[in-house]
Protein chains: 2
Amino acid sequence: MLQISQRGQAMPASPIRKLVPYAEAAKNKGIRVYHLNIGQPDIETPKLILDAVRHSDFRVLEYSHSAGNESYRNKLVSYYRSAGIDVTSSEIIVTTGGSEAIQFAFMTCLDAGDEVIIPEPFYANYNGFAVAAGVNVVPVTSHIENGFALPPVAEIEKKITPRTRAIVICNPNNPTGYLYSREEMDELKAIILKHDLYLFSDEAYREFCYEGHQISAMHLKGAEEHVVMMDTISKRYSACGGRIGALVTKNKAVLEAVMKFAQARLSPPSFAQIAGEAAIDLPADYFDTTKAEYKSRRDLIVKRLNAMEGVFCPNPGGAFYAMAQLPIDDADVFCQWLLENFSHKGQTVMLAPATGFYGTAGLGKKEVRLAYVLNLNDINSSMDCLEQALVEYKSK
Amino acid sequence: MLQISQRGQAMPASPIRKLVPYAEAAKNKGIRVYHLNIGQPDIETPKLILDAVRHSDFRVLEYSHSAGNESYRNKLVSYYRSAGIDVTSSEIIVTTGGSEAIQFAFMTCLDAGDEVIIPEPFYANYNGFAVAAGVNVVPVTSHIENGFALPPVAEIEKKITPRTRAIVICNPNNPTGYLYSREEMDELKAIILKHDLYLFSDEAYREFCYEGHQISAMHLKGAEEHVVMMDTISKRYSACGGRIGALVTKNKAVLEAVMKFAQARLSPPSFAQIAGEAAIDLPADYFDTTKAEYKSRRDLIVKRLNAMEGVFCPNPGGAFYAMAQLPIDDADVFCQWLLENFSHKGQTVMLAPATGFYGTAGLGKKEVRLAYVLNLNDINSSMDCLEQALVEYKSK
């Protein structure tokens with residue numbers, strides 16, 4: 001009998017998207033659904049970026065260089081310099097979204113049966129890329145009580161085995177919004193040097209830090225060979241659909257091997273490379289404005305959540321996510337209930353149950369992730385819904 | 001010590017791109033290089049397609065559905081119907097180029113250690129995707145003497161082992177240009193049904209058939225569950241840089257598993273989906289014009305090649321490639337020599353040595369692939385170069 005591969009069977013469905021049919025059913029009943037479940041910002045993509053594509057005048061939509069257009073990579077050098085990251089264009093490989101940068105890092109540095117340690121909760125799709133690569137994800141738990149700080153070094157080291165090859169971080173973090181401190185980054189550096197591991201650093205949310213600044217993994221002196229940074233324009237410029245990211249590293253052997261994977265898929269998308277290149281010329285205050293908007297949203301959503309009875313939401317230092325503990329037993333059931341059985345003034349809210357972000361079964365059952373990707377009015381309305389929902393749910 | 005994964009080491013460099021540094025050096029010496037080495041057409045991308053992107057007026061460059069925009073998939077249904085392929089929108093998953101469709105098929109249907117049979121010479125990147133998936137490519141040799149017809153059924157069946165899961169074809173073929181006959185497609189159908197195998201059918205060049213019509217694998221009645229078609233807009237509309245393709249199958253289990261891989265990478269590129277969707281509205285004679293142009297080029301290049309002493313080039317029935325046997329001992333050495341040591345009136349030609357297209361070591365050493373992606377004048381000039389080069393090379 002024809003079979004689906006074992007990895008095809010093991011591949012996890014997206015925990016963020018699995019409630020979509022319930023949301024669609026709610027909408028079909030005329031209910032307005034506030035989408036706090038997914039990191040798709042409502043922030044407009046800068047017109048300058050879209051116009052660069054609209055005003056393009058080439059005649060043949062050609063393959064680009066497999067590493068991305070040289071002109072774009074040269075511009076990225078200046079972008080990274082402005083972020084305090086000193087790299088050359090040959091240390092940058094443009095990818096099809098951050099997703100492909102993650103895949104390339106896994107494929108290039110890890111074999112089937114190898115292990116990666118990831119602080120949980122973590123970006124759920126790391127699981128998918130790990131399954132595709134035959135790699136085992138070893139979670140080390142961070143906790144809502146201390147805002148999802150990096151687990152103690154001893155906890156991380158306990159997870160290291162002869163098959164451990166890398167630690168994966170996302171900083172600022174999706175889903176927790178946690179921003180790693182200088183001390184935590186130094187702890188990570190010490191671990192990867194001591195145990196000779198790669199550090200895969202997903203820095204998709206670099207610009208969105210509300211309490212202090214991001215310490216990039218690329219800033220870790222003496223660990224240059226160990227660090228592979230995975231990046232994307234998706235969140236930075238509200239350009240998720242472009243599918244342009246980058247893998248950045250100073251490790252030449254990694255670059256050479258990644259290039260072979262990059263050549264096999266020929267090239268990253270041409271249109272969005274134009275957009276990405278134009279983005280480097282955005283006015284210097286672009287991120288100030290965007291960051292100020294996200295900070296207002298964060299301040300509002302955290303305040304609203306913590307004002308609800310039995311809800312705890314640590315203040316996230318970056319990205320545009322908040323994790324909250326709710327007075328419920330099963331976030332998956334609750335989130336489905338919000339869509340299937342609840343409405344408040346004809347509205348409801350879609351949240352991401354946190355269980356999908358944990359590698360350890362049973363964790364996160366009282367937690368949800370909220371992406372504050374909607375404007376302040378919508379956040380207020382969605383929080384009204386959640387507040388009312390918790391009252392009704394409790395009395396069930 | 002930090003290591004590159006075994007698959008990262010085993011990953012083949014692109015045999016088509018490995019001569020690029022020699023071409024660049026030739027250009028730096030002021031020599032004009034005719035690129036017949038790569039399937040990047042000089043045909044202009046239809047203005048209607050590019051304009052659709054240029055006139056787009058959305059404000060947020062959002063993720064699309066992981067399977068691609070519904071509007072695009074609906075349009076693709078009508079496109080496929082016009083090609084005699086009867087599918088619904090739910091049987092189409094839009095991919096990031098044909099490359100991703102191949103990756104999805106391999107990942108979903110094959111496990112590490114599984115085997116795929118591929119008539120050789122074959123599209124070299126199948127090797128790369130196989131290495132990434134841990135899959136073993138088992139070549140079955142087709143021969144230039146009979147124009148690279150499908151090897152006899154007995155030869156194919158000899159290669160089948162308990163680990164064989166699929167046969168991969170490209171039709172019309174890259175690199176040979178061979179167009180499989182009705183009888184050959186029926187033979188393939190009999191084999192996949194008898195041995196319960198998948199048939200992965202790469203139909204990137206569907207429209208470009210000069211001797212008869214393409215029989216799509218999707219036309220094979222009774223084999224619907226076995227067929228996974230891999231498609232792309234790259235060649236069809238001279239839109240290689242868009243990175244939009246599709247995986248098409250009637251096998252629901254495959255579709256469900258592919259969707260999990262598709263969700264992990266979030267979505268295919270948004271800009272080029274607009275281009276792909278607009279392309280379905282191209283006037284009915286678009287392919288007639290393009291095909292006529294490619295046919296003239298084929299006729300010219302085949303005639304020119306066969307007029308050279310010691311050269312044999314079978315007449316390819318489709319795609320835009322020709323394979324030629326040259327009076328040389330080592331095509332890799334010769335192709336490099338063309339760039340490094342030869343010029344004719346300040347010009348030379350870049351060809352793809354055929355060795356990279358064979359899975360069996362030692363085959364193809366006298367053969368080269370020529371992509372007739374240049375206009376008639378350039379093809380004539382490049383053939384002048386090759387003719388002169390063969391004379392000079394012989395007398396060395």
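Which residue stands opposite A:Leu199 in β7(A)? A:Val227 does. I will come back to that pair after some conventions.

This is a predicted model, where local features need pLDDT of at least 70, side-chain atom pairs count only at pLDDT 80 or more, and totals for chains, interfaces and linings use all residues. Residues are numbered from 1 along each chain as its sequence is written, and chains are lettered from A and ligands numbered from 1 in the order in which they are written.

Now the strands. Helices (H or I, at least four residues) and strands (E, at least two) are DSSP runs, numbered from the N terminus. Two strands pair if DSSP finds at least two bridges between them. In general, strands of a sheet pair through backbone hydrogen bonds, either parallel or antiparallel.

The sheet in chain A is open and has seven strands, ordered β2-β8-β7-β6-β5-β3-β4, with mixed pairing. At its edges are β2 (92-95) and β4 (136-141) of chain A; each has a single partner strand, so one side of each lacks a neighbour in the sheet. On average, neighbouring strands of this sheet are turned by 25° against each other, direction ignored. Axes here are lines fitted to C-alpha atoms, for helices over the stretch in contact, and angles run from 0 to 180 degrees between N-to-C directions.

One helix to look at is α6 (residues 125-133) of chain A. It lies across β3 (115-120), β4 and β5 (164-170) of chain A, and runs at about 150° to β4(A). Contact between two residues means that their C-beta atoms, placed from the backbone, lie within 7 Å.

Next, domains. Chain A is assigned domain 1 (6-44 + 286-394) and domain 2 (47-279), with bounds from an automatic or database domain assignment. Their C-alpha centres lie 25 Å apart. Domain 1 of chain A puts 39 residues into the contact and domain 2 of chain A puts in 35. On the domain 1 side, the elements giving two or more residues are α1 (6-10), α11 (286-306), β9 (321-325) and β12 (367-371) of chain A. The largest share, five residues, is from α11(A).

Last, the chains. In the contact between them, 63 residues of chain B meet 63 residues of chain A. On the chain B side, α9(B) gives the most, with seven residues.
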